[in-house]
Amino acid sequence: MRTLFSNYLALLVFAPLFFSAAVPASALAVSLTFLERGTGDPISKVQIYAQDSRLEDAASLYSDKKGTLEVPLELWQKLPPQLSFQRFGYDKFSGSKSFLNTNPTIYLRPKIAADNVITISAVKRKEVSRKIVSVEEAEIVASGGEPTRITATLPGVQTRPFQGEVIVRGSAPEDTRYYIDDLLVPAVYHGVGSQSVLPPQLLDNVQISTGGFGAYRGEATGGVVELQTKSQLPEKPLTTLTVNLPFYTGVLHERSIGKGDSPWGLWVGARKSTIEYALRPIFEGMEDQDLSVVPFFADGTLMLVQPRENGLRKLKLLYYLDGIELATNNLPTTDSSGRGQLGIERSYIASSYRKEYRLNKKWKYVSEPQYIFDRIRNEFSGDKLFIDIHEARLFHEWQFRYKTGGQKRARNKLSLGVEPSLQWGKVDIDVPRGDPQDPFFEFEEADQVTVEDSFSIFKFGLWGSLDHQLGKWLVQPGFRVQYNGQIDAWSIDPRLSAFYELNKKHSLKAAAGLYSISPREQESTEPSGNPDLELERSRHFVLGWESQWTEQIKSSLEVFYKWNDRMVQLDALTNYVGSGRLRVYGVEVFLRRLQSARFFGWLSYTYSKADLRKASGEPEIASPDDQRHVLQLVSGYKLSSTFRLGARLLVQSGKPFSPVGEVVYHAGFDSYQGRLGAAENENSERLPGSQSLDLFAQKDFLLKRWKLRLRAGAEFISYERPVFGVEYDFDFRNQNEFKGFAPIPYLEVRSEF
Amino acid sequence: MSFRINILAKIFFTGAFAFFFACGDDNRRQEVVDDIRILGVKSSQSVFAVGSTGPANLEIYALAPSGKTPVFSAATDSGAQPSRNSVSLALAGAAAQTDLGSFVLYQQNATVALPGVSAGLVPANEKGDVVFRYSFQVTGGKEPLLGVGDLFWLRGSSAASVALVPPTITLNSPNSGADVEVGEDIKLSASISGGATEDVRVSWFVGGGEVVNFRAATTTWKPDEADRGKSLPVLVAVRGLTSRSLDLKWVVVNVK
């Protein structure tokens, strides 16, 4: 009897705990979970309020890293019936205790921060013509959402249609170098949508120096673009699968690995184009189509970062593949099928291991040994260009900080660096010798170059620079010694920059220097090249005025002059000769509203004139990149945390082109060959100027654990379609304009879950 | 571990391939002869042993709409690259004419003698091969036409090219005198003999309409409404790109 009663009593006491939904899971506390609406990420540090007043009794209670806030039952019963929960950066949530008793999961909506807080990105080195853009700004307003293409909107920069690489102050794209940190990469952009080889998740900021850059960069006479990767550990493990219809699919995983004092951050990912699978069946079904173009690409990334108390370790491994298959009835054919086929493919693997080591308060050492294997495979109707290049390169830099005068901390810096590199490889070439700058190059008429050989080239760079504060002056003298073992050529390049602080808002700046670049491998490698070439030279002069009008508004005005000589040109006797000269001068205006929570933008205007002389005795002509006026306006504005507007305006004058001077019919090829005629005809006419406006409005719909983003916009809005060039009838009798896109309205749907 | 999926679709309302419409679709077509046109040059020989003086006996072919008469003359190609050594062309007699419906085919004979000595000649490559450039002008059309061709002295392994058997072509379809309908796809078919050791190039020429692929030995042709009631020529040529040879065949069809 007693046992039966005890059992009955236990049942009475404990049964409600099992069967009542209104009873907390823990009888001792109320447990609330806070997640971010739209992502489902847990939110820590959420606090309890009564309306908008802090509750002293609950002042020490915060949600933890998992978003869980546990309130002891005893305290819970003392709290007022209406509560609110707040966390900086989120809208507050209000609810009654009777609802909260059910241990709910609460989704907080992100809130836009106050607009007076600006985002600062650290400039790696202070330079006269250096600009920096954060990846957040770049992703919003860069063309195609590719952050590395933001450089095209900055002063001193032009672009060519369908190319990602930029023209810097009149210098051709191949005269500008692209670095990922200090890793020099052979190519950055894919042909499809000009996506870069680096996934945006790895990028921290994009920096470009358009001239007068310091001694630490060599083998460049145009500009330097630096893609700075992240150095902080990922906050949480995350795998992102991206399906960008119909262009590509990619996956990226990031996480911290290892425990203890020095964990590593890991990013590993891959992307593969998918557009070729859509295009090939379409073109195969349209055999009579004049032109079939099937681009493809792939890339892979592995990055390991270990921040340390006294420095950093960073391992990078990149894979790049890019190509195009082209078939057309309009290419000269060599069989009775009537179809010419062209295949272009480039692939490379780039690797580096970076160590930054701060020896003490004064000394810092950076080294980044690199290895790159670059492969080119181009084939066209029996012609071929096969090149394999291996390159081992070392980047070493020592920095010494020191104080002078009344400085409280060491603001002066002495930097020394060495950069030896060795290239070796094989070439197997059977192609027409061509002048890429000849607008009427006839490859069927050109002499054939046939080379099958191996090569090796040793290069060496040694540099030193000083950042020295002298009162209101910051002076940056430097030098760089460059050597190319293949042509046995040296250069000693002095460089000097200076900043003078007029007052807290305004400063003057100036730079002057000599810059050198080696001829390309095919230009200096026997038997098809000329081993007696010298290093091409460029002299940069820049004078400017910088102002910080308010905390958020800054401006820069620069006047520049550049003069290049020893530029490599084709030559009938020696294959190549360093006879070309380029002269560029202009002015740049840059007005910028720094990025804050709501708004950022900038206005950029460049006036420049670029003249080219191919050899002594030849007339001076306009450079093919002589684009006099380029005006850009980019802007992003957040009306709320989920609604954003953006715009990108480009107004530019037309570039020169070469009209056809005379036409001959070649009976051996059944082709009409256009020729320049007189040398003065080259680049003697101009395409019309153009304007292009891109506008978009973007709305995020935040559901509980996922987000739907709609972006509606229009690209290429203009009075008239831009003219990219001219094209001719088969016999050059008629000239037509080759125009770009008409305005394209679009709707972009993106979901993240 | 968090997992995130981005699915991105960009829907272009005017078509993602607007680019293709930016190209000049209204350019004239190379296969359609609408004015005096040089069709090619047949040479008795294009490749000569080093030091040979030739001569090369040439047949210059031009097609002209009825009512236009081409006038042939020797010329100089002053814009040629230095490695194209200029030689003179001498016309031989008047041009022979062949009626091809509403067109006339002209055949102008000429000869080219080679210098015979190497002094003063610019070699085309390190082997010492020499290229000779002859030129002629054809007037009578909307604009004068300058035609050029090449003859060769070849050394070493290139001399094997001297023994090349040039390709010849047979026009299989359409038949001469055939009736063809406006707007219909008419099969154009040719077969090539010889030329196994060199690259070849095919060219179709028509008096109107549109050929899908004028470089293919087999393709289709669609006559225009504007050609209804006319007798139009259909010509096909094959060139050896190394031997610089030419073989030309033709038929005349009636467009209904």
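How many helices and strands does chain A have? Before I answer, let me say that what we are looking at is a predicted model, and that everything I describe today is computed from it. Chain A has six helices and 45 strands. Its C-alpha atoms, taken along the principal axes, fill a box of roughly 120 × 75 × 50 Å. Of the 753 residues in chain A, 32% are buried, and among the contacts in this chain between residues at least 6 apart in sequence, 61% join residues at least 24 apart.

Let me stay with chain A and turn to its sheets. One of them is an open sheet of four strands, with the order β3-β2-β5-β6 and antiparallel pairing. In that sheet, β3 (53–54) and β6 (93–96) of chain A each have a single partner strand and stand at the edges, so one side of each is left without a neighbour in the sheet. If we look at how β3(A) is held by its partner, we find that strand β2 of chain A, residues 47–50, pairs with β3(A) in the antiparallel sense over two bridges, and that A:S53 in β3(A) is the bridge partner of A:A50.

A second example from chain A is an open sheet of five strands, ordered β8-β13-β14-β11-β12, and here the pairing is mixed. The edge strands of this sheet are β8 (130–134) and β12 (183–184) of chain A, each of which pairs on one side only. Further inside the order, strand β13 (residues 203–209) and strand β14 (residues 224–229) of chain A run antiparallel and are joined by six bridges, with A:N205 standing opposite A:Q228 in β14(A).

One residue of chain A deserves a brief stop, namely A:Y277, which sits in helix α5 (residues 275–284) of that chain. Is A:Y277 buried or exposed? A:Y277 counts as exposed, because it has 11 C-beta neighbours inside 10 Å, and a residue is called exposed at 12 or fewer. Along the sequence A:Y277 and A:V294 are 17 residues apart, while in space their C-alpha atoms are 8.9 Å apart.

Now to chain B, where the domain assignment gives domain 1 (29–159) and domain 2 (164–256). The centres of these two domains of chain B, taken over C-alpha atoms, are separated by 22 Å, and 21 residues of domain 1 are in contact with 22 residues of domain 2. On the domain 1 side of that contact, the elements giving two or more residues are β2 (37–43), β4, β8 (103–112) and β10 (145–153) of chain B, and β2(B) gives the most, with five residues. By class, this side of domain 1 of chain B has 10 nonpolar, seven polar and four charged residues.

Notes:
Residues numbered from 1 in each chain as written. Chains lettered and ligands numbered in written order. Predicted model: local features only at pLDDT ≥ 70, side-chain atom pairs only at ≥ 80, totals over all residues. Buried ≥ 20, exposed ≤ 12 C-beta atoms within 10 Å, placed from the backbone. Domains from an automatic or database assignment. Contact = placed C-beta atoms within 7 Å. Nonpolar A, V, L, I, M, F, W, Y, C, P; charged D, E, K, R; others polar. Pairing = 2+ DSSP bridges.
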